[in-house]
2 protein chains.
Amino acid sequence: MTHVHDRAVIVSTGDEVTVGQLLDTNGQYFAQRLMSLGVLPIEHATVPDELAVLVDTLKRSCARAPLVIMSGGLGPTDGDLTRQAVAALTGDTLVLDGAAREEIAAMLAKRGRPMTERQERQAYRPRRAECLSNAMGTAPGLHARVESGGGWGTTDLFCLPGPPGELRPMFAGGVVPRLRLDPSRVIATRLCHIVGVPEAECVQRLGDLTRRDANPLVGITASGGILTLRIRAETSGARSDAEAMVDQAEARAREVLGDNLFGVGAGTGWENLCRSVLGLMAERSETLGVVESCTGGMLGEMLTTVPGASEAFVGGMITYANALKESLGVRGETLVRHGAVSAEVAGEMATAGLERLGVDHCLAITGVAGPDGGSDSKPVGTVHVALASRGVALDARKFLFTGDREDIRRRSAVSGLAMLHFRLRGHGSGRPRLIWEVS
Amino acid sequence: MTHVHDRAVIVSTGDEVTVGQLLDTNGQYFAQRLMSLGVLPIEHATVPDELAVLVDTLKRSCARAPLVIMSGGLGPTDGDLTRQAVAALTGDTLVLDGAAREEIAAMLAKRGRPMTERQERQAYRPRRAECLSNAMGTAPGLHARVESGGGWGTTDLFCLPGPPGELRPMFAGGVVPRLRLDPSRVIATRLCHIVGVPEAECVQRLGDLTRRDANPLVGITASGGILTLRIRAETSGARSDAEAMVDQAEARAREVLGDNLFGVGAGTGWENLCRSVLGLMAERSETLGVVESCTGGMLGEMLTTVPGASEAFVGGMITYANALKESLGVRGETLVRHGAVSAEVAGEMATAGLERLGVDHCLAITGVAGPDGGSDSKPVGTVHVALASRGVALDARKFLFTGDREDIRRRSAVSGLAMLHFRLRGHGSGRPRLIWEVS
C-alpha cells in the first residue's frame, strides 16, 4: 500500500539561485501547479551545486513528505550533480539509458549539432530510476523511489531540468500522470484582490474571517499597493462543498470591502487589476491608451500581459524625453513653468493622449523614479498620475512613493490602474483616496 | 570566542510564498548583500506560517551556519508567528519592549492612525532577544543568540519584516553593523553576460575555466536568451589578490568570447544588456527610440530600469492596435498584404519610428505572443524584430520563440537589444546569428 501524494517538498539546486543571481521561479511554478492538484507544498529548499549538500537535502526532504519535486542540476556541465546525488541517495550506480540517449541524439540532430561526450552524460540515470522525456531540450528528467524513513514507506522523487521551458512541459507530461492524488481530500483555493485600503484596516473589516483556526483559512498579503486574500477550504466531501465554503468566504469579504475588492483569480494583484479594468472596458466597448514618462512603457507592458488585451487597449506613447511630450501636445510653456513632473504636465499628457490616440480613457504618468533627479520640492518618489476620460472631469493625483526605482515605477502604474478601476466603477466624485496619495 | 559569520542560511516564512502566490525576492536580496560582504549563503528555506515548522526550520538552520537571516511573520496578524517561534527556540517568554512600543506608536501617529492591541503585539520580543528598529514600518525586527549545537557555539539569528521596503533598510542599519566578518577571508565575485552563443558552445569555448575544482570557480547560467558567467575567487590574502584572480578569469573569457561577452556587472542579463547599449549610445551622443506591438511597452520598460537611461533613450510608441501602426506611418497596404506580424511591417515600424521620433536608432517588434492568435504560417512565438539606424541598411530578423507569453515577449525584447548591441559593435554585415533566429 502506497501513500497518496497529499503534500510535497520542493527543492531547487543551483549556485546561481543560492548566491542571489537568479530568482527561483520554478519553485513558484511547482507550488501553484501542486496546489491546483490538491497537493500542499510544505517547504521549498534551495541549495548550491554541492554533492554532499544535495544528498543531505534530498534525504531530509524525502523524510518530510511522500512527494519531492526538484529542479536543476541535470545539464551537461560539471556543476550538474543531480544524477549523482540521486544515485548516492538510493545506493545505485549510474547506468546509460539507451532510450534517453537516442532522444538526446535526435534532439541534437534536429538542431544540427553533434552528440558529444558531454551531451551523452545526460543520458545516465541511477539504475533503479526511470528517465522522463524532455520534449524541449536535451536533459531528461528522473523519477526515483526513495525509502523515506517516514511512516508512509517510499517517497517519489522527481528531478526536472532547470530551464522553465523544459520543466513545465515535463511536469505536465512526466510528473502529473505519476502522481497518486487523494480522491477523498479536496482543497479549494481562491485569491481575492483588493486596492485602496491599508492592510490593518482590511484585517479589521474582515474580522473573524482571518482567524488562524478557521476553515476556510483566509490569509492576507500586501504587495506593491495591492492586498491579496488567499482563501483555502479543505473538506473530505465533494469538490462542490469546498467551493461553496470558498464562495461563502468570498461573499463575506465582498460585503465588507465593496468596490475595494476588484477581482478574483490566480496571478499577481496587478495582473488581476489589469484583467479587471480591461474586462470592464471591453464589456462597454471602451478603449484605453497610455502616455508614460517615468514608467517608460511599464503600464503598457503590464496591461498587455493579459491575453486579448487588444479588445480595449490600443497602445500609447512613451514620452520619456520632453521633446516627445511636446510632440504629443504638451505645451512647452507648461513644461517650463511647472516642470515635467507636475500635475499640469500629467493632465496635458492625458488629455492630449485621449485625442491623439482616439481612445475613451487615457492614463498618463510622470514622476521622479530615482535614484537621482530628486529635489526638495520634488523628492524621489514624487509621481503625478492623470486619468482623462471622455465627458468626465480629469482625475489628477499626486503620490509620494517609498522604495527603490522599481517599487516607485510599479506603484505608479498600479495607482493609475486603481484610478481607472474606481472610475469604471462609478466613483467619479466621492473618489476613494489611494495609499501614498498626497495633497 | 565567537565564530565569524562566514556562511549563512536564509529563511523565509509565509504561506503566500510556499503556495506559490508570491516569489521570494527577499531571499535573493539577502543572498546578494551577503555575497558582497564575503558571507556565503548555503541554503534558502521557505516554510509556511506554522509554529512547529518554523521552530523546526530555525533550529535546523541554526545548526548549519553561525548566521541565520529570516524574513516575514512579524506583522500584526494572527498568521505572524516569528516572535513565538524564536521564543520557543530559545526557551524565552515574550515580553513587551517599551522602546519598540514607543517607536510603533510614533510611526502610527505620523500616519494619523491609533495604537491598537493588534499593533502593540509587534512590540513583544523573546526576553533575551533585542528589537531592531524599523524606520519604514511598524514591525520591529529581532536579533537572538541561539545555541547552535554546531562546533562554533552560538548562532546569530536575525528576523526581519517581509515587506522589501522595510526589510532592506533594516538589513543595512540593523543587521550589517552586528555581523562579524572574517578579515582573513576574501571573496571576490563578478558576473559576465553573454549573448548570441548557445550554452554548450560557450562551455566548450571556455574549456578548463569552468572546472568545478578551480579557483576562481566559474559557473554558467542561461536565462531568457542570455548566458551569465559567475566568477568567484576566494583567498586568504588581500582583496586586490582576489580581484586580480577574477580579472584574469574575465580576461580569458573575453578572449574566447569576443563581442559575445557584452557586459560585466550585478543584475540580470537583460539589465546589463540595456546598460551596455545605452552606455555605448550615450558615449557617441546617439539616441534610441522603440516601436512596440506584441511587447506592449516591455522594451521601453526594460531600458528605463537603468537610471540615467534618458541620456540615450527618448521614448517611443506602443502601436498595439493596427490603427496606431498606421498613424505612425506603416502603410495600410503593407498591413493588408503581409499582415501585422511580418518583416515588412516590422521594417516600416522601425523606419517610420526613426523619422517620427527623430532618433539615431529605432527598434521595432511585432509578433504573436500567444496563447491565442497563432496560425499555421505564423505560429505562436513568431516575432519580427527590425532595427533601423541612420545611414545603415535595415536589419530585420524573424524569430521563433518557445515558451509562454511572458517568455516570448521577454525574448523578443532581448533579441532586439542583442541586434542593437552587435550593430553598435560594428557587426553590420557579418552579423552574428542569434539563438531562435529562423530564415
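User: How many cavities of 30 Å³ or more does the count come to in this predicted model?
Analyst: In this predicted model, a cavity is a set of points where a 1.4 Å probe fits but cannot get out. By this rule, and with a volume of 30 Å³ or more required, the count comes to 6 cavities.

User: What is the volume of the largest cavity, and which residues lie nearest its centre?
Analyst: The largest cavity has a volume of about 190 Å³, and its lining consists of 16 residues, which divide by class into 6 nonpolar, 8 polar and 2 charged. Helix α2 (25-36) and strand β2 (40-47) of chain A, together with α2 (25-36) and β2 (40-47) of chain B, each supply at least two residues of that lining. Nearest the centre of the largest cavity lie A:D24, A:H44, A:T46, B:D24 and B:T46.

User: Which relation holds between chain A and chain B?
Analyst: Chain A is superposed on chain B, with an RMSD of 0.1 Å, by a rotation of 180 degrees with 0.0 Å of shift along its axis. That is therefore the relation of a two-fold axis.

User: How much area do chain A and chain B bury between them?
Analyst: The size of an interface is often given as the accessible area lost when the parts come together. Here 80 residues of chain A are in contact with 79 residues of chain B. Of the area buried between chain A and chain B, 57% is on carbon and sulfur atoms, and the area comes to about 6,200 Å².

User: How many salt bridges are counted between chain A and chain B?
Analyst: One salt bridge joins the side chains of A:E301 and B:R409, at 3.4 Å from N to O. Between chain A and chain B the count is 8 salt bridges.

Notes
Residues are numbered from 1 along each chain as its sequence is written. Chains are lettered from A and ligands numbered from 1 in the order in which they are written. This is a predicted model: local features need pLDDT of at least 70, side-chain atom pairs count only at pLDDT 80 or more; totals for chains, interfaces and linings use all residues. Side-chain values use heavy atoms; hydrogens and water are left out. On a 1 Å grid over the protein atoms alone, a cavity is a set of points where a 1.4 Å probe fits but cannot get out, and a pocket is an open set with protein on both sides within 12 Å along at least five of seven lines; lining residues have an atom within 4 Å of a point. Grid points are joined across faces, edges and corners, and a volume is the space filled by probe spheres set on the points. Helices (H or I, at least four residues) and strands (E, at least two) are DSSP runs, numbered from the N terminus. Ala, Val, Leu, Ile, Met, Phe, Trp, Tyr, Cys and Pro count as nonpolar, Asp, Glu, Lys and Arg as charged, and the others, Gly among them, as polar. Copies are superposed by least squares on the C-alpha atoms of residues with pLDDT of at least 70 in both. Contact means heavy atoms within 4.5 Å. Buried area is the accessible area (1.4 Å probe) that two parts lose on being put together, summed over both. A salt bridge is a side-chain nitrogen of Lys or Arg within 4 Å of a carboxyl oxygen of Asp or Glu.
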